[in-house]
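Here is a guided walk through a structure, taken one piece at a time. Keep the 3D view open and follow along.

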Amino acid sequence: MSIDKKIVDDMVANGISFVTTVPCKQLAGVIEEVDARPEIFHIPSNKEDEGMGLCAGAWMGGKRPAIIMQNTAIGVTINTLATLTQYYRMPLPMIISYRGELREPVACQVEMAVHTKALLAQMHIPTYHFHKESDASELDAILKYTFMCNKPVAILTDASFWGGYGDQ
Amino acid sequence: MIRSEILREIAPILHDQLVVCNIGLPSQELHMIDDNAKNFYMLGTMGLSSSIGLGLALSQPKTVISIDGDGSVLTNLGTLPTIANNVADNYILMIIDNGSYGSTGDQPTYAGKKTKLEKVAEACGCENVVVCIDVDTGKVLQAAIDSKKMTVIVVKCDSGNIKLPVITMDPVVIRDRFMKAVAS
């Protein structure tokens with residue numbers, strides 16, 4: 001089974017039915033899979049804080065949401081995470097492409113990569129880092145944990161997890 | 001009319017609907033005028049009233065009204081294409097356009113200068129965009145609810161604020177009672 005399909009299977013199995021995405025090369029296969037699933041309403045957003053607003057509304061409307069984005073978005077969404085998702089105590093799985101790690105070809109991506117885990121730690125956001133494909137076996141448990149504790153939870157997926165970037 | 005006068009006038013219409021209310025004075029005013037479980041007050045996160053309301057409308061069948069401001073829509077201008085391209089006929093975005101950032105001291109917004117939010121909304125693909133003056137808000141809002149078509153209303157009104165206290169209700173309480181009202 002492809003890793004893209006496995007990730008989306010886990011999302012569907014955990015009742016996630018509202019997914020917002022901001023495009024990403026590494027996550028393109030997951031986004032395509034999300035879009036293809038009849039169980040999921042896929043709503044692309046123009047910026048990640050907007051996406052978190054959509055997810056907050058969807059959750060209050062009775063759906064389990066998720067957001068798919070790049071780690072640069074952590075810089076965009078700190079205020080939304082603090083004053084909306086965390087303040088009102090809402091669950092939000094964040095499946096994040098961890099750009100700027102090993103095998104990264106674009107130097108500027110490293111500039112946010114070095115801040116990513118520090119920012120997530122400062123925000124007290126539970127954070128999981130998928131480095132090898134087998135790490136994805138924890139996704140099901142992470143999703144259950146997210147909806148158990150009603151918190152935003154970060155799942156960082158780096159280039160090694162995806163089998164390289166730019167040289168695949 | 002200023003925003004608080006409009007909210008007072010349309011409160012009987014809002015009372016029966018799910019309302020997502022913008023940060024700052026709009027939420028404080030609605031809280032003072034008609035606090036009830038069907039109001040979701042934003043205590044922070046400027047700009048996301050329209051996004052929260054759209055997500056809610058897309059996820060359940062009841063009518064949802066997002067009360068937003070011209071300044072807040074400008075903060076999250078990317079919301080308008082998302083709204084246009086994800087039609088929810090139970091969704092109304094009501095932009096109270098007083099041409100100023102009311103909660104921070106009435107500094108002028110670009111919507112009070114050359115930018116026309118109704119034209120921006122139309123250019124983004126929103127199909128039912130209605131512009132009205134303050135005194136017509138109730139009539140226009142009721143018509144939008146009755147139409148069962150996704151509608152963006154731009155209410156042109158005066159800039160100005162009343163003095164009132166901040167909302168001290170716990171955010172989790174606001175959210176919890178709102179979710180119960182949504183599900184009821």
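Predicted model: local features only at pLDDT ≥ 70, side-chain atom pairs only at ≥ 80, totals over all residues.

Start by finding strand 1 of chain B, which spans residues 18–21. Are its faces covered or open? Both are covered. Leu18(B) and Val20(B) are buried on one side, and Val19(B) and Cys21(B) are buried on the other.

Now look at what strand 1 of chain B pairs with. One partner is strand 3 of chain B, residues 64–69, joined in the parallel sense over four bridges. To find your place in this pairing, go to Leu18(B), whose bridge partner in strand 3 of chain B is Val64(B). Strand 1 of chain B also pairs with strand 2 of chain B, residues 39–41, again in the parallel sense, over three bridges. Here Cys21(B) is your landmark: it stands opposite Tyr41(B) in strand 2. To get from strand 1 to strand 2, the chain passes through helix 2 of chain B, residues 25–34, and this β-α-β crossover is right-handed.

Next, move to where the two chains meet. The contact takes 26 residues from chain B and 25 residues from chain A. Which elements of chain B give two or more residues to this side? They are helix 3 (49–59), helix 5 (79–85) and helix 8 (171–183). Helix 3 of chain B provides the largest share, eight residues. Sorted by class, the side of chain B that touches chain A has 13 nonpolar, twelve polar and one charged residues.

Notes. Residues numbered from 1 in each chain as written. Chains lettered and ligands numbered in written order. Buried ≥ 20, exposed ≤ 12 C-beta atoms within 10 Å, placed from the backbone. Pairing = 2+ DSSP bridges. Right-handed = clockwise from strand over helix to strand, strands pointing away. Contact = placed C-beta atoms within 7 Å. Nonpolar A, V, L, I, M, F, W, Y, C, P; charged D, E, K, R; others polar.
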